[in-house]
Amino acid sequence: MNFPLPTSYPLLETINDPADLRKLPREQLRTLATELRAYLLGSVSKTGGHLSSNLGTVELTVALHYVFNTPEDRLVWDVGHQTYPHKILTGRRDRMDTLRMLGGLSGFPMRKESQYDTFGTAHSSTSISAALGMALAAKIKGDQRYSVAIIGDGAMTAGMAFEALNNAGVADCNLLVILNDNDMSISPPVGALNRYLAQLMSGQFYAAAKNAGKQVLKVAPPLFELAKRLEEHAKGMVVPATLFEKFGFNYIGPIDGHDLESLVPTLENIKHLTGPQFLHVVTKKGQGYELAEADPVAYHGPGKFDPSIGLQKATTPAKTTFTQVFGQWLCDMAEKDKRLVGITPAMREGSGMVEFEKRFPERYFDVGIAEQHAVTFAGGLACEGLKPVVAIYSTFLQRAYDQLIHDVALQNLPVVFALDRAGLVGADGATHAGAYDIPFLRCIPNMSIACPADENECRQLLTSAFEQNHPVAVRYPRGSGAGVAVDASLTALPYAKAEIRRHGKKIAILAFGTLLQPALAAAEKLDATVVNMRWVKPLDVEILKQIATLHDVLVTVEEGAILGGAGSAVGEALQTMGLLKPLLQLGLPDVFIEHGDPAKLLSMQGLDAAGIEASIHAFKQRI
């Protein structure tokens, strides 16, 4: 793509919804796709957001809305971080400058945002299940419409996708599953299935069959020309079809997902078929923007940048993030203890495990988008005397809750869960918020939960967790915290012990995690005692009893759900000890908090220094 970017998009600007798109002659679709890709690049470079995945779905999006009668026909986008072209074509073009901002467009499909967003997605591998439900609902209601699930090859590594395929293959309904094969999830896809498909499409069997066919057909030139034109379809007949046809699907493909001359007629043909259909399209992440094509991981979710230059290294050193602290700790502890193994469900970069993979490849396991398997796999390793560390986002651990209880905690296995993105995550919004880990973890027997207040405590509490002989979760937020220096040693903090950070009068603030800093600032105005609790479970009941005895009012502060959270744990402990003191619990309310600037979102929930102070003043007036 040449630069500078165009300043006008004459064809795109005539498209206010897919009905306008369907009025275009087919020969104009290529021009529209070119303008859409340029508009997308210019827009995301100004707001930040997902880029590589969206550049790769431009033609596919155009073709889907051109052929299918959306929103009557249902499109369900798996994960949904590739739906910016979809948003632009469905009446949201002029709001793309608000993408992922407070009050603006979501970075993912949202039902309340548009009738064209038929199902809210952001976690992987849900699309086939949802689209199957929609297809069967249409059959029950007697509606003549198609349901389409668009799923990536990375998302196909999850068991849920195959559970849905297994169900859909015997369902008599109009369902189309499109495998968007771009050979990449957030981290490169791994596993036997990905390797199997790659070998089938590039292996000697297919090459030999193709070459033998050419030799035979050359004696009949018209047939040879026909065979060349059908080669992409013929390619799909050599075994890849077997895998999906065993599930009961009619397999078609693979075809070029950037070739509108193939996409549109293929989709039009499929639209007239009945029963479950499976279309395999091959696309390229970052398509049309050379820098993103060359490094799709770097351009997966960039911030603002100049597209004519590309991503640049920061001129001033950025603060060390909690993710980086974890990554360094993991390498250091692995050097010290040969029993350590690291596990990630397809989040190598996001969880800070790139260096660990390089240094300890034999102890690094990327299991693909398979959180349930990751947890039970860790349990199996722990049974044999190893010390697994599962690096997983708080929001993704939700997907493995049964395995956490049944396969790890019930057997009291020493697995460390490094929970990144705990609390609010900002631009990714409610789907990625780590708001629920404290409530859903602390009710599980044998589990412990640590909440570091800063980067140095994060490293120390990870060491504390690793030293235990039972499952422990260490939760920490996205980005940086107080910016304190991190001790390079592997010193552990005492297990289940809190510390008093400030001595005051009458009011005591019990802070869990990184909200210690605003709690300290509020305490200066209130002359309050501040306790850095460090552990949600087990609580330091000795210090809690001491604080409760000496103060009139207790306040808990946490960046997590109030219902069932750390404040609830404090209330339960006080009741058990017979110490009934006024208790104010501050945290995330019982609502889903949408996308926006993290600091602004915390302020809106009253979890900055001013908000904490105001809440305490108001509480004192009520008691």
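In this predicted model, the buried residues of helix H26 are Gly611, Ile612, Glu613, Ile616 and Phe619.

Next comes a pair of helices, H23 (residues 541-550) and H24 (residues 566-577). They pack with their axes 11 Å apart, at an angle of about 75°. Angles from 65 to 115 degrees count as roughly perpendicular, so H23 and H24 are roughly perpendicular to each other. On the H23 side, Val541, Leu544, Lys545 and Ala548 make the contact, meeting Val570, Ala573, Leu574 and Met577 of H24. Sorted by class, that contact has seven nonpolar residues, one charged residue and no polar ones.

As for the nonpolar cores, the largest holds 52 residues, and the members touching the most others are Leu21, Leu64, Leu176, Ile178, Leu267 and Leu279. Helix H2 (residues 29-47) supplies the largest share of this core, with nine residues. Take Ile178 as an example: leaving aside residues up to four places away in sequence, Ile178 touches Leu60, Leu64, Val148, Ala149, Ile150, Ile151, Leu267, Leu279 and Val281. Another core, of 49 residues, lies apart from the largest one, and among its members are Ala378, Leu397, Val415 and Ala508.

How values were computed: Residues numbered from 1 in each chain as written. Predicted model: local features only at pLDDT ≥ 70, side-chain atom pairs only at ≥ 80, totals over all residues. Heavy atoms only, no water. Core = buried A, V, L, I, M, F, W, Y, C linked by side-chain atoms within 4.5 Å. Buried < 20%, exposed > 50% of the residue type's maximum accessible area, 1.4 Å probe, protein only. Helix = DSSP H or I, 4+ residues; strand = E, 2+ residues; numbered from the N terminus. Contact = heavy atoms within 4.5 Å. Axes fitted to C-alpha atoms, helices over the stretch in contact; angles between N-to-C directions. Parallel < 35°, antiparallel > 145°, perpendicular 65-115°, else oblique. Nonpolar A, V, L, I, M, F, W, Y, C, P; charged D, E, K, R; others polar.
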